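Please look over the sequence and the model first.

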Amino acid sequence: RRNRRFFRLSPLRKQNIVSKIWRAGYPAGIHFVISQIVAGTALAVFARTAENSAETYYNYTIFLTGLTGILAMIPALYFYRRDKVRRIAGGLIPAQKKVPLSISETVLLLLAGAGFAQYGNFLMAILQSFINSTTYQESMTRITEGKSLFMMIFWMGIVAPAAEEMIFRWLIYLRLRDWMKLPVAAVISGLIFGIYHGNMVQGIYASILGTAFAWILEMSGNIYSSMLLHMGANIWSLVITEYALDMFSMKYGVQILALIYLILLASVVYCLTHFEKMYSVRKKKRMI
């Protein structure tokens, strides 16, 4: 009883609503400010050194996105570690080591992330007939055209997802979770993630994936689970965009793609059920 009372009286839960909203929202502002500083500095440099500063900026967008991610990780890690200390001190979480991920679970999360991306893209392809938005696709084509796949995987498939997960799941979602129930916190953090992307197509896609990533983070008990999901999603999107047309022209290419899509779907389903079972086991242990 005393533990439950201490939990209700945690300083993180006793904050007023304005403080709670500010605490959950400003990490996105940190990422935005850093991205604007990086973009503004780059444009100023390109304006002096390049004949066409706008075209040069597009050529370096992938690198600048990665640089923004690296810089955003620094404050994100600081605030996450400070939050963790406060949660332990306030009784919101136990002072114990995180739940480890096995190698098979790591692979499962990467595959499930790819599955979420693939079926999220299927959904967006259907919705685009109603939304009628081609601006995002045109921008992405301009940014990625002629770029090395390995460079795109490093900056957009590894660095950028790691930074975004630190901001939107490690900070925003977990801060919402301090005073909200799991489903509500997951959905709101997903919506914030979607709105932050700034366009309808990417916004819907990111909201769905962001909610799923937060849910699995909670189910798995390991903060790196959402990061692996996000990396799997971005890497798969880059790879399939690069090779999809080649696959269609190959003998049995369509059948191979169909098999891959089935594997990704099975990975999503198994990932959700596997980590939900883990969550149920941990919950029962806490109740004993």
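Accessible areas come from the Shrake-Rupley method with a 1.4 Å probe, and for residues only the protein chains shown count as cover. On that basis the protein chain has about 16300 Å² of accessible surface, 67% of it belonging to carbon and sulfur atoms. The model is predicted: local features need pLDDT of at least 70, side-chain atom pairs count only at pLDDT 80 or more, and totals for chains, interfaces and linings use all residues. Residues are numbered from 1 along each chain as its sequence is written, and side-chain values use heavy atoms, with hydrogens and water left out.

**Fold**
- The protein chain has eleven helices and zero strands, taken as DSSP runs (H or I, at least four residues; E, at least two) numbered from the N terminus.
- The C-alpha atoms fill a box of roughly 65 × 50 × 35 Å along the principal axes.
- Of the contacts (heavy atoms within 4.5 Å) between residues at least 6 apart in sequence, 79% join residues at least 24 apart.

- Buried residues (under 20% relative accessible area, 1.4 Å probe, protein chains only) make up 44% of the 288 residues.
- Leaving aside neighbours within four places in sequence, Phe 275 is in contact with residues including Leu 101, Leu 108, Ile 216 and Met 219.

Technical notes: Buried means under 20% relative accessible area, exposed over 50%, partly exposed in between (1.4 Å probe, protein chains only).
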